Amino acid sequence: MFESVRRQEFREYFQPSRISIAIIKSDKENEYNLITLCFSMYCSYKPNMISFSVQNTNYSYKLLDKVDHCVLAIPGEKLAEETLFCGDMSGKNVDKIRKCGFTLYKSSKIETPSILEMKSNIELKIVNKIITGDHLTVFGEVLSFNVNKKNVERNLVSVGKIHEGYEILAAKGIHRIATIR
Ligand SMILES: Cc1cc2nc3c(=O)[nH]c(=O)nc-3n(C[C@H](O)[C@H](O)[C@H](O)COP(=O)(O)O)c2cc1C
């Protein structure tokens, strides 16, 4: 009745994934790096906690070693191209905030800034980091969920090859960034 499939094929049976963009202090002075993520989840209510995982091939992996706070920003549909860009280019070679034309906005509880153009910005205090295979999983306590209620754009999701019911807004290689139709 069931057949075993490979991970990439399994994406079609386990979609969509929510998309966020982590804002992480860079090792360059006064700079912050952005990384698009779909490996994230709530992992506690009391306190509110969210975890996310970053692969060891990414520049952000090394940056996460040095930080104890970060922001998880939630982009809306108008930022599909920028979200793909932050999930395709490495901050090692490019200032993604400048390239995307994002406006930094003072966070309420932490030094790491938020991004004005996002639907929301979640301020996190990092309480644990665990190496999980080829990813680092970061556990963050939510210090503040900051929402721009005037931004009513649809949320972005990551979908697989078969994606009926979703509208693809930006795509490259294995990545398809979509919103619900
Ligand atoms: C939709 C989407 C979701 C992604 N999710 C993740 C993720 O959860 N974890 C991860 O390590 N990389 C993820 N990536 C890939 C990274 O965003 C990508 O490798 C990025 O260029 C790394 O940037 P950095 O080198 O500046 O850290 C995703 C990319 C896209 C487009």
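Which residues have the most contacts inside the largest nonpolar core? Hi everyone, let's look at that together.

First, a caution: this is a predicted model, where local features need pLDDT of at least 70, side-chain atom pairs count only at pLDDT 80 or more, and totals for chains, interfaces and linings use all residues. Residues are numbered from 1 along each chain as its sequence is written, and side-chain values use heavy atoms, with hydrogens and water left out.

Now the overall picture. The chain has four helices and 13 strands; these are DSSP runs numbered from the N terminus, helices being H or I with at least four residues and strands E with at least two. Of its 181 residues, 44% count as buried, meaning under 20% relative accessible area with a 1.4 Å probe and protein chains only.

Back to my question. The largest nonpolar core has 20 residues, and Ile24, Leu37, Phe52, Leu64, Leu72, Ile122 and Leu124 have the most contacts inside it. Such a core is a set of buried Ala, Val, Leu, Ile, Met, Phe, Trp, Tyr and Cys residues joined through side-chain atoms within 4.5 Å. Elements giving two or more residues to this core include strand E2 (20–25), helix H2 (59–64) and strand E9 (120–132). There is also a second, separate core of 14 residues, with Ile23, Leu79, Cys86 and Cys100 among them.

Let's zoom in on Leu37. Beyond its neighbours within four places in sequence, Leu37 is in contact (heavy atoms within 4.5 Å) with residues including Arg18, Phe52 and Leu72.

Finally, the C-alpha trace spans about 50 × 35 × 35 Å along its principal axes. Thanks, everyone!

Terms used. Buried < 20%, exposed > 50% of the residue type's maximum accessible area, 1.4 Å probe, protein only.
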